[in-house]
Structure formats: C-alpha cells, structure tokens
Amino acid sequence: MRRYEFHSTLPPELVFAVAGAKAREARHPYLTSCFTAAERFFYRRDGEWLWLTYTGTMPITGFVPFSGTVRAEGTGSVISGGFSVWRAVWRFLLIGSVIVFFAALLYGAGLWMAALAAVLAFFWFSLTQQVIQRTFRKRQKAVLGFIQEYLLH
C-alpha cells in the first residue's frame, strides 16, 4: 500500500467537520458504492481515523476506501494514510477462509489439509483483491483530489 501524507492548515476537528459537510456519512465505506446510483463521496470517522470513499459513475462495490489518521501538528494537522486492502476487507477474507476450512472438512479433508486450504484461500482472496484495486485508480485519484481540494485549507 502506498502511503500518502497531507499537511493541512485546518485543525483536526475542522478537517472532520469539512469532510462531514462535503461528503455523506457512511457506516461501511467499503460497501457504500453498491447502494448508491449517483456520484458521491462518503466519509466515516472513528476517533482520529478517517475513511473516505467515492462511488464513481457506476455503483460497483469493491473499492477500498482511503483510511488514515488525522493528527494535530502545530496550528494545523497531518492527514496520513492510504488505500489499505487489509484494513478494509480483513473480515471478509477471514470469513471466506473459515468457509473454505469447513467446506474442506465436509468434503472429507483432514484437519491439516482443511487448515492449509483455508490459509491458501486467505492469501488467494487477498491477492485477487489487490488486483481488483488496480481497476479503481480513477476513484483513488478522485478521493485524493477531494482531500487536496477540501481538507488542506
């Protein structure tokens, strides 16, 4: 994951306030794009963590949101983070691996073989998710543009 660091003249609370004014709040930024038909930005705040996502022109799920921290620095703040597949989809990867584990057991595989299949499935799912993210470069640029346009001054 490539890390980005933005230096803002706004204090952290104002960064979150502007994000809230310019984007809609989302409970699950990873799944947001499949529920909306219009181009929109969504955000979520959890303490000092900020998630930003963009739906694009087609409502397709699978885009990993920008996730990062907003911390105070001097009179402004620093926004640092990136588009982390692991942070966004680790639960889905884990659930998929558990399903593969129990499916292997149901088909008569031994315990060690089922565990190996689950580990391989986990890494396979994460690799395919990394490849899928390459198709969402325009959405990533849109999110980075949103940060530069609204959250830095």
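Let me begin with where the values come from. What we have is a predicted model, in which local features need pLDDT of at least 70 and side-chain atom pairs count only at pLDDT 80 or more, while totals for chains, interfaces and linings use all residues. Residues are numbered from 1 along each chain as its sequence is written, and side-chain values use heavy atoms, with hydrogens and water left out.

The protein chain holds four helices and six strands, where helices (H or I, at least four residues) and strands (E, at least two) are DSSP runs numbered from the N terminus. Read from the N terminus, the order is β-α-β-β-β-β-β-α-α-α. Of its 153 residues, 42% count as buried, meaning under 20% relative accessible area with a 1.4 Å probe, protein chains only.

Turning to the strands, β2 (residues 24-25) and β3 (residues 41-46) pair in the parallel sense over two bridges; two strands pair if DSSP finds at least two bridges between them. β3 is also joined to β4 (residues 49-54), this time antiparallel and through six bridges.

Which residues touch the most other members of the largest nonpolar core? In this core of 23 residues, they are Leu 50, Leu 52, Phe 66, Ile 79, Val 143, Ile 147 and Leu 151, a nonpolar core being a set of buried Ala, Val, Leu, Ile, Met, Phe, Trp, Tyr and Cys residues joined through side-chain atoms within 4.5 Å. At least two residues each come from β1 (3-8), α1 (12-22), β4, β5 (66-73) and α4 (137-151), and α4 gives the most, with five.

I will finish with helix α3 (residues 111-133), whose 23 residues reach 33 Å from first C-alpha to last, close to the 33 Å expected at 1.5 Å a residue, the expected span being 1.5 Å times one less than the number of residues. Its buried residues are Ala 114, Ala 118, Ala 121, Ser 126, Gln 129 and Gln 133.

Methods
Buried < 20%, exposed > 50% of the residue type's maximum accessible area, 1.4 Å probe, protein only.
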